[in-house]
Amino acid sequence: MSDPSQAVSGRRGSLQRFAWALLWLALAALSLHFLLAVYGQYRHLDPAHYTMYWSRRGWLWLHIVGGVLGIVLGPLQFLTRWPRAWPRLHRWLGRSYIGGMLLACVAAVGLIATSPAPAAITTAFAGTALAWLLTALVAMSSIRRGNIARHRRWMTRAYLVTLAPVVFRLLLPAWIASGRAPSPDAIALLLWSSWVVPLLLHGVLSGVWMRWRERVPSMASPAG
């Protein structure tokens with residue numbers, strides 16, 4: 001006779017894998033759309049396409065290269081099977097991700113220092129870079145101490161911050177489509193929201209998921 005708890009556990013595992021697959025497909029589609037938009041914007045080396053970044057295109061390209069490394073390499077770190085099979089490759093991809101993040105953050109400092117944008121925007125941009133740096137460093141510190149669970153949690157948070165430019169490019173057109181002007185304060189609000197809101201949602205959904213996982217086995221256990 002089959003064990004009901006094992007059946008529930010199997011269904012839960014299948015549901016979890018299906019949910020993760022949908023999530024990564026959505027993130028991959030959004031990230032690809034973002035990368036194509038960036039390429040379409042900056043592949044033309046002329047002031048008309050670079051606007052205020054023309055005189056700072058060196059910092060801009062360093063920031064883009066570091067960010068692209070993070071966007072591309074980040075999802076590979078969350079695969080559950082191959083890191084155990086090829087731990088050395090997993091470590092080197094993780095180091096490359098951290099290297100891309102550091103490169104993008106250094107370039108962000110250069111962009112902020114030379115930016116003519118209002119203080120509200122540069123502060124929000126700096127806050128995003130700082131959040132990216134701190135979440136990645138906590139993740140790196142956790143794995144160096146052997147705390148794999150904490151490392152995974154903070155890598156997830158770091159990748160959510162990595163996707164802040166992708167989210168921002170979705171929020172800005174939605175803001176404009178609603179009939180509101182993209183004022184400096186509005187742009188700053190969207191910059192903050194592009195990573196703060198995903199982190200908050202991740203915290204809430206993670207809590208709901210953990211409570212559901214704790215309840216399901218007890219509901220499937222026979223009484224008495």
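Here are a few friendly notes on the predicted model shown above.

1. **Ground rules.** Residues are numbered from 1 along each chain as its sequence is written, and side-chain values use heavy atoms, with hydrogens and water left out. In this predicted model, local features need pLDDT of at least 70 and side-chain atom pairs count only at pLDDT 80 or more, while totals for chains, interfaces and linings use all residues.

2. **Overall make-up.** The protein chain has nine helices and zero strands (DSSP runs numbered from the N terminus: H or I of at least four residues for helices, E of at least two for strands). Read from the N terminus, the order of elements is α-α-α-α-α-α-α-α-α. Of the 224 residues in the chain, 33% are buried (under 20% relative accessible area; exposed is over 50%, and partly exposed lies in between, with a 1.4 Å probe and protein chains only).

3. **A positive patch.** Arg-88, Arg-91, Arg-95 and Arg-144 gather on the surface as a patch of positive charge. Patch residues have over 30% relative accessible area and no salt bridge, with like charges joined within 9 Å and nonpolar side chains (Val, Leu, Ile, Met, Phe, Trp, Tyr) within 5 Å. A salt bridge here is a side-chain nitrogen of Lys or Arg within 4 Å of a carboxyl oxygen of Asp or Glu. For Arg, the place of the charge is taken as CZ. Helix H5 (residues 87-113) supplies the largest share of this patch, three residues. Arg-95 sits in helix H5 and counts as partly exposed because its relative accessibility is 47%.

4. **A nonpolar patch.** Leu-45, Trp-59, Trp-61, Leu-62, Val-65, Leu-69, Leu-103 and Val-106 make a nonpolar surface patch of about 690 Å² (areas from the Shrake-Rupley method with a 1.4 Å probe). Helix H3 (57-73) and H5 are the elements that give two or more residues to the nonpolar patch, and H3 has the largest share, five residues.

5. **Leu-103.** This member of the nonpolar patch belongs to helix H5. Leu-103 is partly exposed because its relative accessible area is 31%. From Leu-103 to Ile-64 the C-alpha to C-alpha distance is 9.3 Å, although the two are 39 residues apart in sequence.

6. **A buried serine.** Ser-194 lies in helix H9 (residues 184-220). Ser-194 counts as buried because its relative accessible area is 2%. A polar atom of the Ser-194 side chain lies 2.6 Å from the backbone oxygen of Leu-191.

Notes
Lys and Arg count as positive and Asp and Glu as negative; His and the chain ends are not counted. A polar contact is a pair of N or O atoms within 3.5 Å; within protein, one must be able to donate a hydrogen and the other to accept it, and residues adjacent in sequence count only if both atoms are side-chain atoms.
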